[in-house]
Amino acid sequence: MKALIDKLCETHTLTKEEWILLIKGRTPRLAEYLFSLARKERHKYYGHDIYVRGLIEFTNYCKNDCLYCGIRRSNRNVHRYRLTRDEILSCCHTGYELGFRTFVLQGGEDGYFSDERMTDIIYSIRKAYPDCAITLSIGEKSYDSYKTFFEAGADRYLLRHETYNSGHYGRLHPASLSAHDRQKCLWNLKEIGYQVGTGFMVGSPYQTAEHLAEDMLFIKELNPHMAGIGPFIPHQNTPFRNEAAGTLELTLFMLGLLRLMLPKVLLPSTTALGTIDPKGRELGILAGANVVMPNLSPDTVRKDYSLYDNKLCTGEEAAECRKSLELRMQAIGYQIITARGDSLNV
Ligand code: SAH
């Protein structure tokens, strides 16, 4: 197994069979070895700097019905909200003052935010904050919509492929959605010129080592600027309420593997990781991650953007969130920096 990690470190790739062997054969000792190599790679390109992104969850309306997601259409127990353009701009203002130079607009697939409304919002942010990156994370759209947003000033797009395997994808999503369509969106985004982030949930229901191997091969092929992974966490008002959450241990292992596969990729240590373990985000950084994405949404709506149960920071203000992360990162020898934080994986 150690030889496979060495091979990955040298060649940045493995075959499907090798991925499966390594994922299945992982041990705590092997993981420590992996993390030490992953940290070395990460320090080579990004040093001890941590990039921050300010996450603005601007709508929790969603037309989709993903089985794992707390804001799915069928969940009647969620209080739905939308932020206005001015509220979004005010989040950016708060964020800018706190040192954020990337704003991530994330939301459900909400028809209210037509291309026209989105373009207006993007353009307003672009005008007010010319030195900042604007990231969108609003799901599957047509090529032309993506292009329109790009031309209005959006630079980056986050769209996790969720799982590459179409059979597995079908068990996590309604029949109206397909793995192929989602992947096609990612290729379109790349073609238009976005810096693209993809990723998957670790430990989602029915997931096998083979599925994870396929995820790694897909990410290698796509060669994204960012790869966001986090544990699946059940939400009480979804069909997966009784499923087990993904583990800290496997998520960290996958982070280490991603760092060795794409040494220059941006790798967030996610809120979901911090939710399943009090030291999750620190451990993510120590496994090779180099980005954190604290919340900038107004605290009045935080609890309503509940993708999964017990999500972190729902009761904190943006400034508290930012400060506590800074202290946490300092405590393990890393520093949050004020910069756009563009990917070196181009
Ligand atoms: N509507 C956008 C944003 C989705 S929310 C889109 O389609 O991309 C962002 C991410 O949260 C999702 O891509 C998914 O991977 C993750 N997520 C959703 N529900 C989750 C859960 N129960 N546990 C862990 N992660 C979840």
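Figure 1. Helix 3 (residues 28–46) has 19 residues, which at 1.5 Å a residue should span 27 Å, and its end C-alpha atoms are 26 Å apart, which agrees. The expected span is 1.5 Å times one less than the number of residues. Helices (H or I, at least four residues) and strands (E, at least two) are DSSP runs, numbered from the N terminus. This is a predicted model, in which local features need pLDDT of at least 70 and side-chain atom pairs count only at pLDDT 80 or more, while totals for chains, interfaces and linings use all residues. Residues are numbered from 1 along each chain as its sequence is written, and side-chain values use heavy atoms, with hydrogens and water left out. The buried residues of helix 3 include Leu30, Leu34, Leu37 and Glu41. Buried means under 20% relative accessible area, exposed over 50%, and partly exposed in between (1.4 Å probe, protein chains only). An α-helix has 3.6 residues a turn, so residues three or four places apart point the same way. Among the partners that the buried residues of helix 3 pack against are helix 1 (2–11), helix 2 (16–24) and strand 1 (49–52); contact means heavy atoms within 4.5 Å. Gly47, with a positive phi near 55°, follows helix 3.

**Figure 2. The salt bridge of Arg82 and Asp110.** The closest N and O atoms of this salt bridge are 2.7 Å apart. Arg82 is in the loop between strand 2 (54–59) and helix 4 (85–97), and Asp110 is in the loop between strand 3 (102–107) and helix 5 (115–128), 28 residues apart. A salt bridge is a side-chain nitrogen of Lys or Arg within 4 Å of a carboxyl oxygen of Asp or Glu. Arg82 is partly exposed at 32% relative accessible area, whereas Asp110 is buried at 7%.

**Figure 3. The salt bridge of Lys279 and Glu282.** Here the closest N and O atoms are 3.9 Å apart. Lys279 counts as partly exposed, at 49% relative accessibility, and Glu282 as buried, at 4%. The structure holds 25 salt bridges.

**Figure 4. Two asparagines with positive phi.** Asn223, in the loop between helix 9 (209–222) and strand 7 (226–231), has a phi near 50°, a positive value in a residue other than glycine. Asn223 is partly exposed, with a relative accessible area of 26%. Asn310, in the loop between strand 8 (291–292) and helix 13 (318–331), has a positive phi near 60°. Asn310 is exposed, at 69%.
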